[in-house]
Amino acid sequence: MLRWLLGSREPQGHGEKLPVLNTGEEQTQNPYTELLVLKGHHDIVRYLVQIDDCRFASAGDDGILYLWDIQTGEKIVELHGHTQQITAICLCPSPEIVEQNQLLLTASSDRTVIAWNCD
């Protein structure tokens, strides 16, 4: 069920209660269709990075980096290494073989940067 809050932007407790509209299945104005819900993270997901045409990575406050198959939604790998939330992620070519290898760099509140091989 999708819930939309309608009304003013006043903080709660100051003024009238905001009415809630339950749109659910009858919602016809949304042109998008939910294809997949990917589950794995235990906390807020803050970063999504496309690796190539078939894969992407997700990272966030649980300190875990996940690689996903874009077409199927299957979790390819779960990478642990940080002890605190991931605060930045960057995709860059590996210096050895630029055409084939790609590295994902993650930075964390644990004051570390980890280079992950995507291949």
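Predicted model: local features only at pLDDT ≥ 70, side-chain atom pairs only at ≥ 80, totals over all residues.

Colleague: How many helices and strands are in the chain?

Modeller: The chain has 0 helices and 9 strands. Both are DSSP runs numbered from the N terminus: helices are H or I with at least four residues, strands are E with at least two. Along the sequence, the pattern reads β-β-β-β-β-β-β-β-β.

Colleague: And what share of the residues is buried?

Modeller: Buried residues are 29% of the 119 in the chain. Buried means under 20% relative accessible area, exposed means over 50%, and partly exposed is in between (1.4 Å probe, protein chains only).

Colleague: What about the surface of the chain?

Modeller: Its accessible surface is about 9000 Å², and 52% of that belongs to carbon and sulfur atoms. Such areas come from the Shrake-Rupley method with a 1.4 Å probe; for residues, only the protein chains shown count as cover.

Colleague: Switching to rings. How many aromatic pairs are there in the whole structure?

Modeller: A search of the whole structure gives 2. Rings of Phe, Tyr and Trp (its six-membered ring) pair if their centres lie within 6.5 Å; planes under 30 degrees apart are stacked, over 60 edge-to-face, and the rest tilted. Phe56 and Trp68 make a stacked pair, with 6.4 Å centre to centre and 15 degrees between the planes.

Colleague: Which strands do Phe56 and Trp68 lie in?

Modeller: Phe56 is in strand β4 (residues 55-60) and Trp68 is in strand β5 (residues 64-69), so the pair ties together parts 12 residues apart in sequence.

Colleague: And the rings of Tyr66 and Trp68, how are they set?

Modeller: Their centres are 5.6 Å apart and their planes are at 35 degrees, so this pair is tilted. Phe56, Tyr66 and Trp68 form one aromatic cluster.

Colleague: Are Phe56 and Trp68 buried or exposed?

Modeller: Phe56 is buried, at 17% relative accessible area. Trp68 is buried too, at 3%. Tyr66 is also buried.

Colleague: New topic. What stands out about the phi of Arg111?

Modeller: Arg111 has a positive phi of about 70 degrees, although it is not a glycine.

Colleague: Where does Arg111 lie?

Modeller: Arg111 is in the loop between β8 (102-108) and β9 (113-117). Arg111 is exposed, with a relative accessible area of 80%.

Key: Residues numbered from 1 in each chain as written. Heavy atoms only, no water.
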